[in-house]
Amino acid sequence: MNVILVSLFHNDNFAVRLLFSYLRDNNIPVYYISFKRLRQKMTRTLKNDYVEMHDYHTEVTEEDINALLNQLKILNPGLIGISLQSPHLQIAKRLTQVIKNKFKVPIVWGGSHPTIDPESCIKYTDMICVGEGFDAMLELSQAILQGRPYGQIKNLWLNKEGKITRNPSRPLINNLDILPFASFDGKNKIYIDDGQVQTDRNIDYFGFGFTDDPKKAFHQTMTSFGCPMSCSFCINCLDHDRFRRRSVSNVMQELIQTKKNNPGLKVVFFWDNIFAINKKWCLEFSERYEQEINLPFFNYSHPLCSDMEIFTALRKAGWAITVMGIQSGSYNLRKTLYDRKETNEQVLEATKRLNKLRKVRSCRSYFRIYYDYVKNNPLEGKKDLSESLDLFLRFPKGFIFQAFNLSFFPNYPITNYFLENGYINEKDVEGNATGTSASNWISTFDSKKEYHGFLRRHEYYYLLFSLAQFKSFPNFIIRFIERKKLFCNRLAILYSICRIVRTFELAIRISNYAWIWELITQIPLREKIKNRTLVRYE
Ligand code: B12
Ligand code: SF4
């Protein structure tokens with residue numbers, strides 16, 4: 001009998017691969033099934049200049065389900081674990097039902113959705129894991145494989161023919177060094193998509209090939225869990241997790257091993273919520289990383305964690321790409337709605353510090369800085385957007401503007417606020433709709449009379465923010481366009497201007513685009529031909 005972990009729409013699911021390693025190292029026979037890959041495509045609905053990829057779930061077909069059931073039959077499952085985020089709730093319900101119809105095997109759900117909204121899950125499955133899954137899943141697997149009772153395992157809720165038992169929670173693991181490294185080799189991994197088991201296993205979320213190939217170009221990991229901040233639109237404002245970090249030695253051990261196994265390793269992605277936390281840790285990490293790994297790496301930044309000594313050390317060590325959440329340029333909106341504490345001056349200072357890193361010598365000459373914005377928030381009014389533009393115009397030029405839709409996840413404070421004030425309905429909350437509901441609530445809003453046209457106004461400003469990133473486009477023209485509301489009803493013109501300026505900048509500063517060449521050369525030609533594209537978007 002085997003334990004099967006199912007990842008939904010996520011081939012390279014870090015959490016499930018870590019759970020996989022934890023069970024495997026504790027002698028549990030375990031398999032990883034990735035049930036369908038998340039696709040990305042260029043957004044089609046809105047005309048944006050900034051790069052916007054739109055995640056989407058392809059339809060789950062009978063063939064997909066049959067392929068899964070066939071694999072389960074071959075693997076003889078003793079326990080099936082399904083990992084789900086909120087947008088996957090409906091898919092998880094359907095899969096659980098069809099599996100239950102075929103097999104007499106207990107099914108446990110875990111992941112962000114069962115953790116934040118356990119009540120919406122427990123009625124559809126035998127068990128759910130609320131919060132940390134390592135020891136709960138290990139104890140459950142051991143009990144089932146050894147035929148022992150498993151009714152009292154902490155962090156687990158049980159549903160026995162409708163009778164719900166809610167076991168208490170267990171303390172979080174303090175010492176993350178006891179965890180193994182997430183498994184990215186091909187052993188016991190199965191990928192199902194397009195109605196069949198995929199032989200081409202090596203495609204991740206972005207479309208790069210960085211899973212399961214012994215010669216992978218990318219490596220992804222986390223040095224910490226949790227986040228010291230608590231923004232109202234993020235899981236980290238709920239109290240099931242806290243900031244915890246592995247030791248530098250433990251992280252280095254993983255990276256050295258990865259580099260040894262993958263001579264073609266090109267970039268390391270650190271998915272930590274915020275990386276530049278704890279000076280002692282970061283300085284030690286930087287020194288060792290530079291000496292022992294010396295490869296470009298990605299991490300997330302935060303305006304309130306922008307110590308220059310840390311930044312410089314990380315940059316010298318190979319820091320080459322970062323994303324910093326700005327979310328809005330309106331201090332008032334950030335503070336009251338998003339629960340973010342940084343002032344605009346602090347944001348500005350952080351952007352200046354990041355910009356200075358371009359001059360610091362590193363293994364890569366380029367330093368890519370992305371600023372994230374929460375897109376399509378109907379409570380972000382004209383004044384807020386105008387303040388945001390003021391802020392973007394003060395940023396050092398050469399950044400990349402990105403925007404992502406505001407999404408409503410169950411029980412997050414921002415969702416409760418929107419629900420209580422009648423701005424959205426339960427059906428607008430992620431998980432309640434089939435597929436991803438984000439686009440539903442946007443159209444709901446735009447059709448309400450009082451918000452009519454809000455999408456257009458927001459798009460207008462996003463294009464102006466986009467223009468603010470270009471060195472060759474003077475700020476006074478952007479201000480003039482805004483003041484005169486030029487092109488407000490002709491977004492296509494503004495969009496074309498962005499495109500022209502981008503092309504012009506590309507032509508005059510080709511050296512700024514060295515990273516594109518690097519990206520092109522990162523994946524071996526053989527791989528590109530096999531996967532038909534450099535970055536595999538659909
Ligand atoms: C890293 C990360 C990413 C990376 C993923 C990298 C990778 N290869 O996995 C990237 C940037 C690609 C990403 C993308 C997205 N992400 Co993300 N991401 C995170 C982040 C920061 C950490 C996730 C993580 O791996 N943590 C470490 C693991 C060990 O912890 P864990 O996930 O909590 O898992 C534990 C338990 O939940 C449990 N568990 C998990 N699965 C299972 C299964 C079983 C059977 C059991 C028993 C237990 C169990 O055990 C684990 C160990 O304790 C979280 C925020 C956070 N948690 O801090 C958001 C988060 C998970 N992401 C989120 C979202 C929305 C997305 C996107 C949809 C965003 C987008 N529109 O593009 C995409 C979806 C990608 C996909 N296909 O799923 C949301 C999900 C919200 C929700 N309520 O569902 C989160 C919670 C952030 C938020 N907004 O609040 N993400
Ligand atoms: S800083 Fe980022 S990860 Fe931390 S709570 Fe805010 S949005 Fe979440």
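Colleague: Which helices and strands each supply at least two residues of the shell around ligand 1?
Modeller: The model is a predicted one, and the shell around ligand 1 draws on both helices and strands.

Colleague: Which element gives the most to the shell around ligand 1?
Modeller: In total, 40 residues surround ligand 1, and the closest are Phe14, Gly81, Gln85, Gly110 and Gly133. By class, this shell has 22 nonpolar, 15 polar and 3 charged residues. With 5 residues, the element that gives the most is helix 1.

Colleague: At about what angle does helix 1 run to strand 2?
Modeller: Helix 1 comprises residues 14-25 and lies across strand 1, strand 2 and strand 5 (77-83). Strand 1 (residues 2-8) and strand 2 (residues 30-35) are themselves paired in the parallel sense, over 6 bridges. Relative to strand 2, helix 1 runs at about 165°.

Colleague: What is the bridge partner of Ser7 in strand 2?
Modeller: The pairing to consider is the parallel one between strand 1 and strand 2. Within strand 2, the residue that partners Ser7 is Ser34.

Colleague: Which are the edge strands of the open sheet of 9 strands?
Modeller: The 9 strands follow the order 9-8-7-6-5-1-2-10-11, with mixed pairing. An edge strand pairs on one side only. The two that do so are strand 9 (163-166) and strand 11 (196-197).

Colleague: Is Asp194 buried, partly exposed or exposed?
Modeller: Asp194 is located in the loop between strand 10 (189-193) and strand 11. Its phi is positive, about 50°, although Asp194 is not a glycine. Most residues other than glycine have a negative phi. Because 13 other C-beta atoms lie within 10 Å, Asp194 is partly exposed.

Colleague: Where does Asp339, with its positive phi near 60°, lie?
Modeller: Asp339 is a residue other than glycine, and its phi near 60° is positive. It has 16 C-beta neighbours inside 10 Å and so counts as partly exposed. Asp339 lies in the loop between helix 9 (331-338) and helix 10 (344-356).

Colleague: What is the order of the open sheet of 6 strands?
Modeller: Pairing in this sheet is parallel. Its edge strands are strand 12 and strand 19 (400-405), each pairing on one side only. The twist averages 25° from one strand to the next. The order is 12-15-16-17-18-19.

Colleague: Which residue of strand 15 stands opposite His219?
Modeller: Strand 12 (residues 218-221) and strand 15 (residues 267-270) are joined in the parallel sense over 4 bridges. In strand 15, the residue opposite His219 is Val268.

Colleague: What is the bridge partner of Phe297 in strand 17?
Modeller: Strand 16 pairs in the parallel sense with strand 17 (residues 319-327), over 5 bridges. In strand 17, the partner of Phe297 is Trp319.

Colleague: Which residues does Glu292 touch, not counting residues up to four places away in sequence?
Modeller: Glu292 is part of helix 7 and is exposed, because it has 11 other C-beta atoms within 10 Å. Its C-alpha atom is separated by 9.6 Å from that of Lys259, which is 33 residues away along the chain. With residues up to four places away left out, Glu292 touches Met252 and Ile256.

Colleague: How many charged residues are in the shell around ligand 2?
Modeller: The residues around ligand 2 include Cys227, Cys231, Cys234 and Cys237, and also Asn273, Ile274, His302 and Gly325. By class, the shell has 6 nonpolar and 5 polar residues, and the number of charged residues is none.

Colleague: Of the 10 residues of helix 15, how many are buried?
Modeller: Helix 15 spans residues 475-484 and lies largely in the open. It is followed by Lys485, whose phi is positive, near 55°. The number of buried residues in helix 15 is 1.

Notes
Residues numbered from 1 in each chain as written. Chains lettered and ligands numbered in written order. Predicted model: local features only at pLDDT ≥ 70, side-chain atom pairs only at ≥ 80, totals over all residues. Pairing = 2+ DSSP bridges. Near = placed C-beta within 6 Å. Nonpolar A, V, L, I, M, F, W, Y, C, P; charged D, E, K, R; others polar. Contact = placed C-beta atoms within 7 Å. Axes fitted to C-alpha atoms, helices over the stretch in contact; angles between N-to-C directions. Buried ≥ 20, exposed ≤ 12 C-beta atoms within 10 Å, placed from the backbone.
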